[in-house]
Amino acid sequence: MKTRFLEANPEGKVPVVKFDDKWIPDSDVITSLLEEKFPEPSLVPPPDFSSVGSKIFTAFVTFLKSKDASDGSEQALLDELKALDDHLKSHGPYINGDKITAVDLSLAPKLFHLEVALGHFKN
């Protein structure tokens, strides 16, 4: 019998995956579960790289909500994006070089949301 999406996942969040007959709608939890079930190759980033890009989404939300063009929120976002770009230029193509980590899996959809929302709301 097919399960309707909203019956399995009432909040309608994506991504969602079914682990051991339980629906998990949180990408960070999904990544942790994948790491537990399939430890090789590891998704754990080196400690030095675990926070790369971690301030981008907060800076994005602040800028998106900003009504004052001179409040520094746009520059703060640009600074965070430049820091990510600089990291990828020296260590890329992924956060940990050739190996995809949980940081990449967390950051990629946030960057997509940033691109779409800023294009729509901030040109």
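Predicted model: local features only at pLDDT ≥ 70, side-chain atom pairs only at ≥ 80, totals over all residues.
Reader: Why is Asp79 called partly exposed?

Author: Asp79 has a relative accessible area of 43%, and the scheme used here calls a residue buried under 20%, exposed over 50% and partly exposed in between, with a 1.4 Å probe and protein chains only. Residues are numbered from 1 along each chain as its sequence is written, and side-chain values use heavy atoms, with hydrogens and water left out.

Reader: Where in the chain is Asp79 found, and what makes its link to Gln75 a polar contact?

Author: Asp79 belongs to helix α4, residues 73-91, where a helix is a DSSP run of H or I with at least four residues, a strand is a run of E with at least two, and both are numbered from the N terminus. Gln75 lies in helix α4 as well, and the side chains of Asp79 and Gln75 come to 2.7 Å. A polar contact asks for a pair of N or O atoms within 3.5 Å, one able to donate a hydrogen and the other to accept it when both are within protein, and residues adjacent in sequence count only if both atoms are side-chain atoms. The value of 2.7 Å is within 3.5 Å, and therefore the pair meets the distance limit.

Reader: Is Gln75 buried, partly exposed or exposed, and how far is its C-alpha atom from that of Ala59?

Author: Gln75 counts as partly exposed, at 46% relative accessibility. Gln75 and Ala59 are 16 residues apart along the chain, and their C-alpha atoms are separated by 9.2 Å.

Reader: How do you know that Thr101 is buried, and where does Thr101 sit?

Author: The relative accessibility of Thr101 is 1%, so by the limit given above Thr101 counts as buried. Thr101 is found in the loop between α4 and α5, and its C-alpha atom is 12 Å from that of Asp28, although the two residues are 73 apart in sequence.

Reader: What makes the group containing Ile56 and Phe60 a nonpolar core?

Author: A nonpolar core is a set of buried Ala, Val, Leu, Ile, Met, Phe, Trp, Tyr and Cys residues joined through side-chain atoms within 4.5 Å. The largest such core has 14 residues, and those touching the most other members are Ile56, Phe60, Leu77, Leu84, Ile95, Leu114 and Leu118. At least two residues of this core come from each of α3 (56-65), α4 and α5, with α5 giving the most, 5 residues. In soluble globular proteins, nonpolar side chains tend to be buried together.

Reader: Why is the space beside Val14 and Pro15 called a pocket?

Author: On a 1 Å grid over the protein atoms alone, a cavity is a set of points where a 1.4 Å probe fits but cannot get out, while a pocket is an open set with protein on both sides within 12 Å along at least five of seven lines, and lining residues have an atom within 4 Å of a point. The largest pocket has 15 lining residues, and Val14, Pro15, Asp26, Ser27 and Pro109 lie nearest its centre. Two or more lining residues come from each of α2 (27-37) and α5 (102-121), and α5 gives the most, with 7 residues. The pocket holds about 340 Å³ of space.

Reader: Which domains supply the lining of this pocket?

Author: Domain 1 (4-37) and domain 2 (47-122) each give at least three residues to the lining, the bounds coming from an automatic or database domain assignment. The C-alpha centres of domain 1 and domain 2 lie 24 Å apart.

Key
Points joined across faces, edges and corners; volume = space filled by probe spheres on them.
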